[in-house]
Structures are given as structure tokens and as C-alpha cells.
Amino acid sequence: MVTSASTTSVPRLVIAAPASGTGKTTVATGLMRAFADAGLAVSPHKVGPDYIDPGYHALATGRPGRNLDAFLCGPERIGPLFLHGAAGAQLAVIEGVMGLFDGASGRGELASTAHVAKLLRAPVVLVVDASSQSRSVAALVHGFASWDPEVRVAGVILNKVGSDRHEALLREALGGAGVPVLGALRRAADVDTPSRHLGLVPVAERRAEALDAVAAQAARVREGCDLDALLALARSAPPVPGPAWSPEAEPVPGPRPVIAVAGGPAFTFSYAEHTELLTAAGADVVPFDPLRDEKLPPDTAGLVIGGGFPEMYAPELSANEPLREAVSAFAATGGPVAAECAGLLYLSRSLDGRPMCGVLPGEARMSPRLTLGYREAVALSDTPLAAAGTRLRGHEFHRTVVEPGAGPAPAWGFTAPERRVEGYAAGGVHASYLHVHWAGAPGLAARLVRAAARA
């Protein structure tokens, strides 16, 4: 829902790029930390459904990393969600996704960085990989700056610059492009973050190293960027239209049910709004770590097992037999369980041949094929998470398969971009590969809390 909000504008910048792989995450995270180190309260945001980058953003700023996804949540909620996340901040830095104009496949600008920038009326700073060009950079920047007059490309940060001579050539070329150069960063290996099959390695798996990397990114940004000019640009943004989003809901009557939420290094994928929605609906949210905890939290009445990397921790998850048995026993009572992607794998019989919880009949394994993309779905069965007929938008992102891919009562029927059924709806369990942003699907969190209260 949304509530009234102050008309005070939040200074903000969108950090975008011509394409993936240019270093915008490094630059955005470095800017967040540099401004935070300067004493500003910085609100971090990420365009799109990414779960990993916001972890680095949170490390850089000390505030929750939040996503702005116009496909999952609807364009009308982007401004309200931004204002909610940026409440009390003196600056917001919004990292883009893919190339500036790349959005949901076949849907024009929807969910692109450019789309979100327009919805927020935010100036865009373009991060350009200058490692293999000189004068051509001017044509590239001119093209991006002039492509859509409603997108204000107001500055450039040159990344991976080779030398002082190289920088001079780039600045000379851009002198007539009409877009000021706000930074030039040299190539550096110490700011890189390791990647694997689904992107960067999450902060939860390498916190000490991540802290060092973020500090190095900030130092590089302080050395190479005009922070005063960037802050002045951010302060030039007009007020964001629309009131702030709020997770407020009518809480369930009676004692607050405990909803246990899986966390730790194996289950790191979650949107900050999910916990807020569960709490607002009347639940006590208690985290637990399936790698280490041998019991569910006391008085658990509902269970949420979100996304992450259980495939990287299959031996440890399997070895924690007491917790696997506790999860299985809870599901056997009909207690409400909402599982997404990694949660689906954990509830299966096995993962890469190692025993898991056995709540579902599927066998899970790694796959060479990446499944990635937005989905439109309809709930095919009544579950504690969604009523049959509920329509929403979600996202798939995995390199695993579960066979069979759907139970006798599937969780979802996908209607676009292709038609198929997927997931499991059995007893109190709703398990699927589909990631859903609950802020864009009103009622899911409250329905789960009501089911937990009844349990």
C-alpha cells in the first residue's frame, strides 16, 4: 500500500552503462561507500531482480539494499518503493541493470534502467569501459545521451582507463559531446569481486574479503571522481512523484505467529520488503541457518525458504540431518511453507545425489543450462501463499533442474513468455523456481501469516 509522504526531494543518481560488464557495480558501490564515508546517509538501490549486488550495497552504506523492478512490482510502485527505502537519506545511489535501455524482453523500455530513471526523474551517470577506445567514446556517449530525450544522461565516468595519455585523449574527444566527464578510473585488480555460475559471490560467503573490496572501490572512486560535482548533480533532481509505499497491513488477531525464514550463506536471496510485510501482517520473523541450526526456531508456525546457493553447500546441508528431519516433520503437519528456487531444491529428495528434506518427490541437480527471465504466472492451486487464480509476475534465475519439474498439483501455470506448469502445491507447501517480489503481489505475505496463525 502507499501512504502520504513529504514532498522533500531525495538527491539521487542513477549509475548506468552501455552494456553489462563495464564495471557499473564497482563504480556504484564505490560511490555509495565514498559518500557514506563522507558522512552522508546513503540509500542504496538496484534496478531489476538482482539479489547479490544489494548485499554489497548494504555493506557499503549500512542500510538495506533495495530493488526497483518495474516488471515485478509495476511502474506505479517504483516511486513509492524508492521513497520508502530512501526515507531519512541524504543521497540515493541507484545502480542500473544491463545496458541503459535494456529491459524486459519484447516489452520495449519496461523495467530498463532508462525506464526507472524516467519514473524517478533522476539524472543518469554513464559508466563507460574505455579500455579499447579513444575518440570513439564521444560517438558512444552522444548516441546514448540523445537516444531518448526523456532520459537525462548528465555525466560520464570513464572506467578502465589505461594511462594519463589515454585519459587525455578520452577527455579531448568528449569535450564537444555535451556530457561532462565526472570521473576517470584506472584499471585495478584489487576492486574486482569474484563471480561464478549466477554472478557475483554473495557477501554472506566472503564478508571479510567483501569489506576489503568495497573499501578499495571507495578509495578508487575518491581518487578518480569529482564527488562534489556528482553530489551537486544528485541534488538537481526534482521531487519524486507519488507517496511513499508502506508495508502496513491489518495484523492477524491474537498471538503473533512465528515465521522462520531461512538465511545464512546458502540462502541469501530475499527482498528487504518481505520481512517488513510479514512483520506488518502480524508475524514475528525469526531467521535460522540451515547450515548450522539443528532445530527450527521455537514455536515455528510458518516457514519461508527463499533463494540462494544450496548447490554450493549440498554436503553441509545434507549432513545437518536433524534440521532436515525437523523441516520434513513441520511440512508433514500441514504447516505453511513457502519455498522459492533454493527452497525448492532443499525440500526435494536430493540435490546432486545428496539427501535433502524429502518433502517433495523431485530430484535436483546442477545443469549446464541457465534458465533466466521474467515470467507471468497464475496460481493453479490454493496454497498458504496464493489463492488459486492469483495472477502475478515473477522471475526465474537458476542453473539447476528438478525432475519432475511439477507435482500432481503444480504451483504455477506460466502464461508468458511460454506456457507450462511448474512447481509443487501439496498440503501446506508452495514450492517453485519462481522468485516473486511480494511488494508487487499484494496479499501474499498477509495470506501466509494468516495460515501461520491458524497453524
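This is a predicted model: local features need pLDDT of at least 70, side-chain atom pairs count only at pLDDT 80 or more; totals for chains, interfaces and linings use all residues.
Local features require pLDDT of at least 70, side-chain atom pairs count only at pLDDT 80 or more, and totals for chains, interfaces and linings use all residues. Residues are numbered from 1 along each chain as its sequence is written, and side-chain values use heavy atoms, with hydrogens and water left out.

Most residues other than glycine have a negative phi, and most peptide bonds are trans. The sites below depart from these patterns.

One runs from Glu403 to Pro404, with omega near -5 degrees. Pro404 lies in the loop that links strand E19 (391-403) to strand E20 (412-416). Strands here are DSSP runs of E with at least two residues, numbered from the N terminus. The other cis bond joins Ala416 to Pro417, and its omega is near 5 degrees. Pro417 sits in the loop between E20 and strand E21 (420-422).

Lys160 has a phi of about 60 degrees. Lys160 belongs to strand E7 (residues 153-161). Its relative accessible area is 27%, so Lys160 is partly exposed (between the limits for buried, under 20%, and exposed, over 50%, with a 1.4 Å probe and protein chains only). Asp299 has a positive phi of about 65 degrees. Asp299 is placed in the loop between strand E13 (284-288) and strand E14 (300-305). Asp299 counts as exposed because its relative accessibility is 67%.

Notes
Helices (H or I, at least four residues) and strands (E, at least two) are DSSP runs, numbered from the N terminus.
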